[in-house]
Amino acid sequence: MIVSTFELFKLGVGPSSSHTMGPMIAAGRFVAELERTGRLHSTAGLKVTLYASLALTGKGHATDRAVLLGLSGFWPDTIDLDAADAALQAIQTGRRLTLGGGSPIAFDAQEDIVWAHRERLPGHPNALRLTAIDASNEAILAKTYYSIGGGFVIAEDEAELRTLGDNRGEVPLPFASATELLRQADAAGLTIAGVMRENELALRTGEELESGLDDIIAAMDACMDRGLGQHGELPGGLKVKRRAKEMLAALEAREAAGDPDPLAPMDWVNLWAMAVNEENAAGGRVVTAPTNGAAGILPAVLRYFDRYHGSTPDSRRVFILTAAAIGALYKRNASISGAEVGCQGEVGVACSMAAGALAAVLGGTNAQVENAAEIAMEHNLGLTCDPIGGLVQIPCIERNAMGAIKAIDAARLALMGNGEHHVSLDKVIETMKRTGADMSDVYKETSLGGLAVSFADC
């Protein structure tokens, strides 16, 4: 298996899986390495260097805060947000940092965090280097990490493992391309979700699998519901107002009045996607799907299925497993990092995953599912990542709404056909990767081009 469902769908915090969750995880791993090698108690100081995209948009993505929290022993999936705020305040006022809950060391964020804006390391544009220093001001451990999207983190010395996928055990139906996935499904007489299920069962029990899938879905629902109940401005200085709560009230009022608008389902899908991404932009709890910046698309499409077609616990699990199989193909053969390939790797991939998943639960054949995923990406090719102010707000929040609508349309188009089409999912994934390589870096999560620059000119 390329990537497990539970690696693609991870519980974390906003606003970014690559710029917030990833750096927090990297910092936690660095502290663990210090402890494992017996250097933790010899550490008297630390230097943090952020490179390229992490530096250029790190302030808006709270990258510096994330690193400090990771060094202090916090992890994205278990973080207590109130305790995290208190820890950050203590670091700022006391200029001391407690590594992983151990002894405090001197740390001045103004001096000890270096923003290497224009310097890019060869492995990935999302790079950070952590250096531990002893009492003699000598470096005792230095590690470079790459945050490669979706909360995935690799150390520089393990970069060659990036495309090897899940090495935790042999799986019965391995696949590394959509062609292989369809072949395995056909040979075994299974759906795409069935192939993914069989592979997951090589790693965990059936009870653990169902419970884990249900936990993912519950976390998505909880994030959306929180977003629907909040109001006020999002942090960061753009003064972007949350809209979901007011939109919900307006839609409920229209329904109560018997409004016959045939396009009302579109309004609900827009609302559900935006609610999730407003919560993400506020730094709330979110599920990577496959990233934070695109986290609203799959939950919105799943709730569309719930409301307008009727779901069961099993059909919801099929939705997630199908989406995971598609997302795994992008993770292995291209990228899910906006800093590497633009937003086509985030919103585009999430749209593709959601389209294939919806086609599956609406009764599509494996060929129609593959076609739906291909259609969705085909019409996201070239999508840039140009967030204003480095914040996951404009155009990110509305872009999730557009991505969710496009996913539904792609699924419906595929279901009107028989699965035969000219461009395969494998080809469109390859094209997306090439397009990302050709794309100027100013459009890849640097806030140096596109809307980010146009907004400044206004």
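This is a predicted model: local features need pLDDT of at least 70, side-chain atom pairs count only at pLDDT 80 or more; totals for chains, interfaces and linings use all residues.
Local features need pLDDT of at least 70 and side-chain atom pairs count only at pLDDT 80 or more, while totals for chains, interfaces and linings use all residues. Residues are numbered from 1 along each chain as its sequence is written, and side-chain values use heavy atoms, without hydrogens and water.

**View 1. Packing of helix H12 (residues 264-281) on helix H13 (residues 297-309).** The axes lie 8 Å apart at an angle of about 140°. Contact (heavy atoms within 4.5 Å) involves Pro-265, Trp-268, Val-269, Trp-272, Ala-273 and Val-276 of H12. On H13 the contact residues are Pro-299, Ala-300, Arg-303, Tyr-304, Arg-307 and Tyr-308. The contact comprises 10 nonpolar, no polar and 2 charged residues.

**View 2. Packing of helix H9 (residues 192-200) on helix H14 (residues 313-333).** Here the axes are 8 Å apart and the angle is about 85°, which means that H9 is roughly perpendicular to H14. From H9, Ile-192, Ala-193, Met-196, Arg-197 and Glu-200 take part. Their partners in H14 include Asp-314, Arg-317, Val-318 and Leu-321. This contact holds 7 nonpolar, 1 polar and 4 charged residues.

**View 3. Helix H17 (residues 366-378) and its surroundings.** The 13 residues of H17 span 18 Å from first to last C-alpha, close to the 18 Å expected at 1.5 Å a residue (1.5 Å times one less than the number of residues). Of these 13 residues, 11 are buried (under 20% relative accessible area, 1.4 Å probe, protein chains only). Among them are Asn-366, Val-369, Glu-370 and Ile-375. The cover over the buried residues includes H9, H14 and helix H18 (396-415).

How values were computed:
Axes are lines fitted to C-alpha atoms, for helices over the stretch in contact, and angles run from 0 to 180 degrees between N-to-C directions. Helices (H or I, at least four residues) and strands (E, at least two) are DSSP runs, numbered from the N terminus. Ala, Val, Leu, Ile, Met, Phe, Trp, Tyr, Cys and Pro count as nonpolar, Asp, Glu, Lys and Arg as charged, and the others, Gly among them, as polar. Angles under 35 degrees count as roughly parallel, over 145 as roughly antiparallel, 65 to 115 as roughly perpendicular and the rest as oblique. Buried means under 20% relative accessible area, exposed over 50%, partly exposed in between (1.4 Å probe, protein chains only).
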